[in-house]
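Open the model in a viewer and keep the selection panel at hand. The stops below are given in the order in which to select them.

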Amino acid sequence: SEILLEAKGLKKYFPMKKGFLRRTVSHVKAVDDLSFHVLKGETLGIVGESGCGKSTTGRLLIRLLEATEGEVIYKGKNILHTQKEEMRELRKELQMVFQDPYSSLNPRLTVGQILEEPLANYQLSPKKEWREKILELLQVVGLGEQAIHRYPHEFSGGQRQRIGIARALMLGPELIIADEPVSALDVSIQSQVLNLLKDLQQRFALTFIFISHDLSVVNHFCDRILVMYLGRVVEISSKKNLFERPLHPYSQALLSAVPSPDPRRKKDRIILTGDVPSPSNPPSGCAFHPRCPACMDICKQVRPALRHTADGEAVACHLYSE
Ligand code: SF4
Ligand code: MG
């Protein structure tokens with residue numbers, strides 16, 4: 001399958017200012033030298049604890065945030081330097097579904113108006129066809145026609161997320177970045193929304209980047225998984241390999257917290273001690289070393305490089321350097 005989007009050496013450093021003169025004293029490396037790709041039609045999961053740079057990464061990819069450095073190649077072209085007008089055109093293809101279905105919908109607009117907005121902005125079809133298009137998409141996401149006249153507050157969390165998904169679909173996107181799309185929802189509702197996303201992927205041949213702190217959610221429908229820690233990639237693997245034999249100790253710890261469907265394959269829970277360190281003052285060497293049960297001397301001094309294996313997988317850990 002062909003590569004749809006590729007990040008190369010992507011960085012986002014936020015300046016930290018101090019004192020009366022607001023001098024920049026240091027930088028928070030929210031995303032630090034990230035490289036990965038997404039194949040057309042696949043779902044790439046991005047996982048890690050909160051504060052590891054997942055959301056920032058999602059926003060950098062479609063320029064809701066501007067990167068400090070690096071490239072984002074979409075369909076063979078670096079889009080980090082494209083002009084405003086061209087970027088506006090690309091936005092049709094690159095859409096985002098946000099975590100919070102409560103705050104991402106304008107409460108003063110009806111659902112019809114919310115879904116009309118992208119059509120009005122881009123004028124892709126004549127106005128007389130808009131209503132039909134909106135009704136069709138409401139159907140697709142499992143909401144009735146009567147939703148068109150109602151306001152976001154009249155819906156449940158799951159229904160609101162369906163509205164957000166319909167909005168992302170209005171312009172016929174290629175890539176959808178879903179940032180924790182079900183974490184604000186009740187567990188009972190989560191799988192309904194995940195199933196909807198899965199159906200939509202088939203139906204519209206979508207490519208997904210699915211951001212989540214929860215590996216069991218990612219397990220539902222990701223093809224490959226990228227594990228992040230403190231702004232960096234620690235492992236990229238197919239879902240199958242990651243779940244069967246995670247290589248990086250951080251991946252192993254995350255996975256040990258996921259309940260196994262087979263009780264005979266009971267895993268020992270690896271408890272991660274301590275919080276994620278602040279990205280403003282990351283640990284030396286391997287950033288995971290203060291929490292790593294396998295930490296060696298070299299880990300405190302030398303940052304492990306991301307090593308690629310022949311089958312397109314990668315891990316950044318001294319346990320796997322030769
Ligand atoms: Fe643990 Fe060392 Fe590997 Fe880092 S490099 S994950 S500290 S073993
Ligand atoms: Mg986040």
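Begin with Gln 123, which is exposed, with a relative accessible area of 51%; the cut-off for exposed is over 50%. This is a predicted model. Gln 123 belongs to the loop between helix 3 (111-122) and helix 4. Check its backbone: phi is near 45°, a positive value in a residue other than glycine. Most residues other than glycine have a negative phi.

Next, select Arg 63, in the loop between helix 1 (54-61) and strand 4 (69-74). Arg 63 is not a glycine either, yet has a positive phi of about 60°. With 15% relative accessibility, Arg 63 counts as buried.

The core has 59 residues, and Leu 138, Ile 165 and Phe 210 have the most contacts inside it. Colour by domain: domain 1 (3-17 + 25-93 + 173-320) and domain 2 (107-170) both contribute residues, so the core lies between them.

Now centre on ligand 1. The space it takes is the largest cavity. Residues surrounding ligand 1 include His 248, His 289, His 318, Cys 286, Cys 292, Cys 299 and Cys 317. Phe 288, Leu 319, Ala 294, Pro 249 and Pro 304 are also around ligand 1. The shell has nine nonpolar residues, three polar ones and no charged ones.

Finish at Asp 275, in the loop between helix 9 (249-256) and helix 10 (297-301). Asp 275 is exposed, at 70% relative accessible area.

Key. Residues are numbered from 1 along each chain as its sequence is written. Chains are lettered from A and ligands numbered from 1 in the order in which they are written. This is a predicted model: local features need pLDDT of at least 70, side-chain atom pairs count only at pLDDT 80 or more; totals for chains, interfaces and linings use all residues. Side-chain values use heavy atoms; hydrogens and water are left out. A residue is near a molecule or strand if one of its heavy atoms lies within 4 Å of it. On a 1 Å grid over the protein atoms alone, a cavity is a set of points where a 1.4 Å probe fits but cannot get out, and a pocket is an open set with protein on both sides within 12 Å along at least five of seven lines; lining residues have an atom within 4 Å of a point. A molecule sits in a cavity or pocket if more than half of its atoms lie within 2 Å of its grid points. Ala, Val, Leu, Ile, Met, Phe, Trp, Tyr, Cys and Pro count as nonpolar, Asp, Glu, Lys and Arg as charged, and the others, Gly among them, as polar. A nonpolar core is a set of buried Ala, Val, Leu, Ile, Met, Phe, Trp, Tyr and Cys residues joined through side-chain atoms within 4.5 Å. Buried means under 20% relative accessible area, exposed over 50%, partly exposed in between (1.4 Å probe, protein chains only). Domain bounds come from an automatic or database domain assignment. Helices (H or I, at least four residues) and strands (E, at least two) are DSSP runs, numbered from the N terminus.
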